[in-house]
Amino acid sequence: PDTPGSGKKKDLFYKLSAFQRRTMHKVLKSVVTIDETRDEEYGFLFKRFVAVEERTAKLTASFQRCAASHAELFRAQSDLSSTVADFYEDPTALQPVALLHKESSTYLATQVQPLLHEQWREHVESVSEKLKLRFGAIRADDARRTRYVADYDYYRHKRKQLDDDSKKDGGTHASKLADKIKDCDNKLRQASEKYHTMNERLTQRLRIVHEHQSTFINSALVASLAIQNELFSQGGAEVIKANQMCQMEGVIKAMREQSNDLAEWDAASGRIMPSVPSVTSLSSVALSNMLSPRSGAHGNGAPGGGGGGTPPP
């Protein structure tokens, strides 16, 4: 009858017996030729699985690095705008621009980006985390399959040895050998069932990984694009406001006047100082023209699609 703790003792006894049996089989394989069970399809699919698993590890790291870079970009932008705003203590034409830039950058860094980062965690990074759990289960079952195939091969080899012993014995120990053969057949049947059941199920799961590796990350791809679109659209909208203020005629005129005033102060100081440009020659239009040959290289330029668009004058 079972007594308290007897289940644990049986479990421990089974594990010790299995360990001893598999160790003996491993040693035996190193000294004699043993017929080993091989499944070529399983071997191929498992190699493919390992490749997808490694790719997924890289994907996880890329997701995390991308999210971190988003946060760092907007923190850096917020720090920059705050530092720039510190230069505009007194009212000037560009003070409203600097303050707007600071306000919008702070909002993006403290409100928009953290909120979208939570969405990134939930809809993008969680995908690779779930894949890690799926692949971890496959790894665990592959280790179990390895033990099952060792047991199966062990009892197949033992059954063959018993057949050889029976032929050599000539009936002297027929009864004893019959009992051993019966016991071995029973264990071989159990080992065969466990191995083949596991092998069939695990092979199917490996097929799924092989056939649907891209299906696994469809949602992450779509979510990452949606989140980045929202992130940079909101950031871009705020920058556009400040940039448009810079292009106003009154602001440009005030910048020229301030620059000329600075030049007069420098001249009065009696020293030649490096000049400060009155108005930057860089504008959104100039930047767009600068980048247009690249878009043309992707087929959006002049007819023919082969080369870039017409370079800016």
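At 13% relative accessibility, Asp141 counts as buried (buried means under 20% relative accessible area, exposed over 50%, and partly exposed in between, with a 1.4 Å probe and protein chains only). This is a predicted model, in which local features need pLDDT of at least 70 and side-chain atom pairs count only at pLDDT 80 or more, while totals for chains, interfaces and linings use all residues. Residues are numbered from 1 along each chain as its sequence is written, and side-chain values use heavy atoms, with hydrogens and water left out.

Asp141 sits in helix H3, residues 95-169 (helices are DSSP runs of H or I with at least four residues, numbered from the N terminus). Setting aside neighbours within four places in sequence, Asp141 is in contact with Met198, Leu202 and Arg205 (contact means heavy atoms within 4.5 Å).

Val251, Ile252, Ala254, Met255 and Ser259 of H7 are buried. Looking down the axis of H7, these buried residues fall within an arc of 160°, so they line one face of the helix (the arc is that of the directions from the helix axis to the C-beta atoms). That face packs against helix H6, residues 218-246. Over on the other side of H7, Glu249, Gly250, Lys253, Glu264, Ala267 and Ala268 are exposed. After H7 comes Gly270, with a positive phi near 85°.

Conventions:
Helices (H or I, at least four residues) and strands (E, at least two) are DSSP runs, numbered from the N terminus.
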